[in-house]
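Let's take a friendly walk through a protein model together. Please have the sequence and the 3D view open side by side.

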Amino acid sequence: MLTIYSDDHHLHHGRCELIDGQLKPCFEMPSRADHVLQRVKNQNLGPVEAPKDFGLQPIARIHSQDYLDFFKGAWARWTEFNTDGDLLPYTWPARTLRAIKPTSLHGQLGYYSFDGGAPITAGTWQAAYSAAQVALTAQAQIQRGARSAFALCRPPGHHAASDLMGGYCYLNNAAIAAQAFLDQGHQKVAILDVDYHHGNGTQSIFYERSDVLFTSIHG
């Protein structure tokens with residue numbers, strides 16, 4: 001089995017997340033992917049290759065351009081405050097009948113977040129972008145006839161909706177890969193989510209569509 005992996009995931013290493021009313025060290029950290037990669041190598045499961053770069057277009061098929069523009073530029077805006085820390089939301093402008101996108105950095109961060117579990121650091125955008133390319137490279141292998149391919153993506157993605165980050169997730173890798181299959185001529189795609197947590201982001205992306213079957217066996 002071919003494994004696709006990028007060292008870029010190390011660029012994202014959040015210091016803290018907001019949980020149970022406290023700022024705590026991030027549970028999601030680079031060592032998680034490192035452990036998986038080491039196990040792949042120890043078990044001789046097959047070659048490990050770096051991803052190819054398919055650009056932003058396949059990602060924009062799933063995520064809104066406004067969201068991508070915000071996410072890509074958020075850290076640069078944060079550095080203008082001359083502070084040393086992760087960018088975390090602390091206010092969440094409600095998307096009700098008067099859903100107006102704020103203009104301030106913190107207002108927009110809350111607008112595009114659903115919790116305090118997805119800190120943005122200097123390398124978060126590049127890590128998430130590369131994780132999406134990992135998924136797309138594995139998808140391309142299947143498209144060319146491979147029976148299987150393992151996309152070792154970090155940050156993860158199944159909590160990310162089309163314009164929302166949260167739960168450690170920023171770009172929905174599985175959804176991006178599924179859409180690539182459809183764009184390349186397949187009529188239907190199935191996604192089986194085996195994570196303990198509900199893949200709420202993937203479900204929301206495809207909920208009104210009949211070309212992608214999403215099944216989550218969460219606890």
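What follows goes from the sheet to the helices around it, and then to a few single residues.

A word on the ground rules: this is a predicted model, in which local features need pLDDT of at least 70 and side-chain atom pairs count only at pLDDT 80 or more, while totals for chains, interfaces and linings use all residues. Residues are numbered from 1 along each chain as its sequence is written, and side-chain values use heavy atoms, with hydrogens and water left out.

Let's begin with the open sheet, in which 3 strands lie in the order 4-1-5 with parallel pairing. Strands here are DSSP runs of E with at least two residues, helices are runs of H or I with at least four, and both are numbered from the N terminus. Two strands pair if DSSP finds at least two bridges between them. Strand 4 (48-49) and strand 5 (149-152) are at the edges with a single partner strand each, so one side of each has no neighbour in the sheet. Between strand 1 and strand 4 there are 2 bridges, in the parallel sense, and Thr3 has Val48 of strand 4 as its bridge partner.

Which helices lie across these strands? Helix 1 (residues 30-42) lies across strand 1, strand 4 and strand 5, and runs at about 150° to strand 5. Helix 5 lies across strand 1 and strand 5, at about 175° to strand 5. For such angles, axes are lines fitted to C-alpha atoms, for helices over the stretch in contact, and the values run from 0 to 180 degrees between N-to-C directions.

Helix 5 also meets helix 3 (residues 65-79): their axes come within 8 Å and cross at roughly 130°. The two helices are therefore oblique to each other; angles under 35 degrees count as roughly parallel, over 145 as roughly antiparallel, 65 to 115 as roughly perpendicular and the rest as oblique. Leu68, Phe71 and Lys72 of helix 3 make the contact with Thr124, Trp125 and Ala128 of helix 5, where contact means heavy atoms within 4.5 Å.

Is Gln133 buried or exposed? Its relative accessibility is 3%, so Gln133 counts as buried; that label means under 20% relative accessible area, exposed means over 50%, and partly exposed is in between (1.4 Å probe, protein chains only). Leaving aside residues up to four places away in sequence, Gln133 touches Pro51, Lys52, Asp53, Phe54, Gly55 and Ile59. Ile59 is 74 residues from Gln133 in sequence, yet their C-alpha atoms are 9.0 Å apart in space. The side chain of Gln133 also reaches the backbone nitrogen of Phe54 at 2.6 Å.

With a relative accessibility of 12%, Ser6 counts as buried. A polar atom of the Ser6 side chain lies 3.1 Å from the backbone nitrogen of Asp8. Not counting residues up to four places away in sequence, Ser6 touches Pro51, Ser130 and Val134.

Strand 2 leads us to a hairpin, which it forms with strand 3 with 2 residues between them; in the turn, Asp20 has a positive phi of about 55°. The strands run antiparallel, with 4 bridges joining strand 2 to strand 3 (residues 22-25), and Ile19 has Gln22 as its bridge partner in strand 3.

Next comes helix 6 (residues 173-183), where 9 of the 11 residues are buried, so this helix is largely enclosed by the rest of the structure. Among the buried residues are Asn173, Gln179 and Phe181. Their cover includes helix 2 (57-60), helix 5, strand 6, helix 7 (200-206) and strand 7. After helix 6 comes Gly185, with a positive phi near 110°.

Two of those covering elements, strand 6 and strand 7 (residues 212-216), pair in the parallel sense over 5 bridges. Asp193 has Ser216 of strand 7 as its bridge partner. Strand 6 (residues 189-193) has a covered face with Val189, Ile191 and Asp193, and an uncovered face with Ala190 and Leu192.

Our last stop is His106 in helix 4 (residues 105-111). His106 counts as buried, at 16% relative accessibility. The residues it touches, not counting those up to four places away in sequence, are Trp78, Leu87, Leu88, Tyr90 and Thr91.

Key
Polar contact = N/O pair within 3.5 Å; in protein donor to acceptor, adjacent residues only side chain to side chain.
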